[in-house]
Amino acid sequence: MIPAVMPTYKRCGIALERGEGVYVYDTDGRRYLDFLAGIAVNSLGHAHPHLVGALTEQANRLWHCSNIFEIPGQERLAERLVAATFADTAFFANSGAEAIECGIKMIRKYHHEAGNPEKYSIICVSDAFHGRTLTTIFAAGQEKLVKGFGPAVPGFNHVAFGNLNELRAAITDETAGILVEPVQGEGGIRAADDDYLAGLRKTADEFGLLLMYDEVQCGVGRTGKLFYHEWSGAAPDIMAIAKGIGGGFPVGACLATERAASGMTAGTHGSTFGGNPLAMAIGNAVLDVVLEEGFLDRVNQVADVLWQRLEALVAAHPKVFTAISGRGLMIGVTCAVPNQEMIAGLREAGLLVGQSGGNMIRLLPPLTIDEAHVHEAVGILESVSRAWKHAA
Ligand SMILES: *Cc1c(COP(=O)(O)O)cnc(C)c1O
C-alpha cells in the first residue's frame, strides 16, 4: 500500500525535532553536528536569534498579502540585492526551481521582444541540477532526472561542464542563452574556474546570448563571497538564488540586469506566495547577518581551517577518501568507499553530511560555524575513517 506521504524520497529513518545553532536533535534526543544544513538552506544554522526575532515579529503583523498590493519588505530586499550585486532588478519566488523558471522565461522573452522569436534555446551543461519541475529537469538533462517524464521539454541542449570550445561549437541561430551552476552541487561538487566563467561571459557577449547562473546552492555567502561568480568578476545577466537566502524559510529570487529583464512587464510573470511579507522579513534578516561587516571574512577564515584539516584527513586515509573539491563552505570529498555507507557511518557517529555525484560526500555547514565545530567534525571524520573495515 502506498504510504500517505508519496514515497518520492529515500529517507534515513531519523526524525529531527529541534535545532540550535550548528546542532540538531532527533526525536530520541540524539545530538548531531549539522554539516548538511538542509542542503545549504539553514545558512545561519538553526533557531538563529535574529531570524527567530524577524519571523515572530512579522508573524504578529502580516503573513501574506497578494502581489496586487505594495510589499515594502519586497522592495527593501530587492533594493539590497540590487545594491550588492550585478543586478538591477529581482523577482521573488518560493524555490530554486521557480527562480530558474523565471530566468528561462526571461531569456525567451528578451529575444522575442528583440524581434528574434526563433532564439529560444538554452545551452546547459552536463551533470547539472536546476530543480524538479518539468522544465528544470530537462534543463538539467540528467537521465536519472528525466527518465519517464517525456516527451522532452524543448529548448535545451547540453555540453560538458568546463568546456568552452564545445559550448561555442553548440551555438546555433536558435541559441538564446547559457545556463550554468558556477559551482555544481548535485552532480558532484565542481567549482568553475575563473577562466571558464570569463569565457562564458565573453561568448555570451560575442553571440548576443544572455548568461544565466544558477547560484541557488553556491550563493549567499556559501563560498566566502556573497555570490560565487564574484571570485572571477564574470557577472551574469540573470541569476537564480534560493536556499540560503531564506535561512530555512522558502524564498527564491531571480536577479537580472535591466536589459535582460526588459520584457518582464506587468502581467508577464507572477507568483501567489512569492515575495510575501513573511518571506521577505526573513530574507531581509538573513541579509542583515550575511552583509554585516566581517561576516564573509569569518566564513573564509573558518573555511581555510576546514580545508586544511580535510586535506590532512584525505592524505592520512587514502583508502577512504581520495580528493576534495569546491570552494569555501561548499565542499565535496570524494570517497574510495561507498559514499552512502560513509554518510550512514558519520551519522551514526553524530555528524550529518550530504551526498553528491561522483561518490562524494558533501559538506555544507551553516556559515556560522566556528573553528571548534570544524575540529569536532573532522574528529568524527577521522575516527570513522580509522575504524573503516579493511581500510587503513
Ligand atoms: C536545490 C537546487 C535547485 C532547486 O531548488 P528547489 O528549491 O528545490 O526548487 C536548483 N539549482 C540548484 C543548483 C540547486 O542546488
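This is a predicted model: local features need pLDDT of at least 70, side-chain atom pairs count only at pLDDT 80 or more; totals for chains, interfaces and linings use all residues.
Residues are numbered from 1 along each chain as its sequence is written, and side-chain values use heavy atoms, without hydrogens or water.

The ligand is surrounded by residues that include Ser 95, Phe 129, His 130, Glu 181, Asp 214 and Lys 243, where near means a heavy atom within 4 Å. This shell divides into 3 nonpolar, 5 polar and 3 charged residues; Gly counts as polar, and Asp, Glu, Lys and Arg count as charged. A polar side-chain atom of Gln 217 lies 2.8 Å from an oxygen atom of the ligand. The protein buries 82% of the 380 Å² that the ligand exposes when taken alone (Shrake-Rupley method, 1.4 Å probe).

The second largest pocket is lined by 27 residues, with Gln 74, Thr 89, Ala 90, Phe 91 and Phe 92 nearest its centre. A pocket here is an open set of points on a 1 Å grid over the protein atoms alone, where a 1.4 Å probe fits, with protein on both sides within 12 Å along at least five of seven lines; lining residues have an atom within 4 Å of a point. Helix α3 contributes the most to this lining, with 5 residues (DSSP runs: helices H or I, at least four residues; strands E, at least two).

Strands β13 (residues 321-327) and β14 (residues 330-335) pair in the antiparallel sense over 6 bridges, pairing requiring at least two DSSP bridges. Ala 323 stands opposite Thr 334 in β14. In the turn of this hairpin, Gly 328 has a positive phi of about 60°.

Terms used: A polar contact is a pair of N or O atoms within 3.5 Å; within protein, one must be able to donate a hydrogen and the other to accept it, and residues adjacent in sequence count only if both atoms are side-chain atoms.
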